[in-house]
Amino acid sequence: MSESLVSLVPELGRSNVKIKDQELVEKAIRTMMRDAHHKLQVVADFDWTLTKHSEHRKVCSTTHGVLEESRYMPDYFKEEACRLKDIYLPIEFDHSKTIEEKVPKMIEWWTKGHDLLVSCGLSKDTLEHIVAESQARLRDGCKAFFNQLHDLDIPILIFSAGIGDIIHLAISQQAEFFPSNMKIVSNFLRFDEKGIIIGFEDEIIHTFNKNENAIHSSDYFYNIKHRENLLLMGDSIGDLRMAEGADHVECMLKIGFLNFKVNENLSLYMESFDIVIIDDESLDVINGIMKCIMGAPI
């Protein structure tokens, strides 16, 4: 790692941080330093990006996993969700298939999973208990990250193929507030007048259509077009498409969390992301970059 880059952000000198083009990363950070918080925006995935992949050697829950592992959910739900995962998860990670080939299968998976959840007749109150008891964990330093973005009114868009209501609850419960500068685009539940889940709102968001959702035809990015610097955070290659609607962005820093199958995926991640963070359950590197950009501790 170059001395000048490490002097800017010491956390980038860690052995688990990989950067293919150090000159590009340094240039991006210096641009963001020059513009400070006034021109910055953040776009992030949720599961295993803002949340931990594991804690104490145990894999943490995704938003779907929160349901699959809960004592409140019926056995038939858990069994069928597991069966669907066994069928479709290998397709999601099959490098021999194109995204175009995978998309119909992902739509099948999400549709069947959503129908399965609706069949359980789950209440809003029970959902709160499920999330509170779950093994979904925000990364170490995530609350401080949210606090700084909120204090400086830096917009953060969380784009997730998971379940939006669970994301909202997890952040509210663990960060102890829900930031007003935060927008979630995800699969949100629809409830009846008694608070029972009866369906999902809008179109399905799955792993490979994060560039197609309504956010990209809405006025979200237009309303923050003066924010020309973007930090993008994800843990899968599909996450790189989250900011395709931000046509005004002039400087983007793409940060990828590589949580497992490191040897198999490292070269692909280094080709795709500007910074790759390996096997790390914190936001230390992100907070180090933020400290550098803002010129103040986080």
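This is a predicted model: local features need pLDDT of at least 70, side-chain atom pairs count only at pLDDT 80 or more; totals for chains, interfaces and linings use all residues.
## Ground rules

Local features need pLDDT of at least 70 and side-chain atom pairs count only at pLDDT 80 or more, while totals for chains, interfaces and linings use all residues. Numbering starts from 1 along each chain as its sequence is written, and side-chain values use heavy atoms, with hydrogens and water left out.

## Helix H2

Helices here are DSSP runs of H or I with at least four residues, strands are E runs of at least two, and both are numbered from the N terminus. H2 covers residues 22-35, and its end C-alpha atoms sit 20 Å apart, which agrees with the 20 Å that 14 residues should span at 1.5 Å a residue; that expected span is 1.5 Å times one less than the number of residues.

At the start of H2, a side-chain oxygen of Asp21 comes within 3.3 Å of the backbone nitrogen of Glu23. Just after the helix, Ala36 has a positive phi of about 55 degrees.

## Nonpolar cores

A nonpolar core joins buried (under 20% relative accessible area, 1.4 Å probe, protein chains only) Ala, Val, Leu, Ile, Met, Phe, Trp, Tyr and Cys residues through side-chain atoms within 4.5 Å. The largest has 65 residues, with Leu12, Leu50, Leu67, Phe145, Phe146 and Ile275 making the most contacts inside it. H11 gives this core its largest share, seven residues. A second, separate core of 22 residues includes Trp109 and Phe221.

## Largest pocket

Which residues lie nearest the centre of the largest pocket? They are Leu89, Glu92, Phe93, Trp109 and Thr207, out of 50 lining residues. H5 supplies the largest share of that lining, eight residues.

A pocket is an open set of points on a 1 Å grid over the protein atoms alone, where a 1.4 Å probe fits, with protein on both sides within 12 Å along at least five of seven lines; lining residues have an atom within 4 Å of a point.

Conventions
A polar contact is a pair of N or O atoms within 3.5 Å; within protein, one must be able to donate a hydrogen and the other to accept it, and residues adjacent in sequence count only if both atoms are side-chain atoms. Buried means under 20% relative accessible area, exposed over 50%, partly exposed in between (1.4 Å probe, protein chains only).
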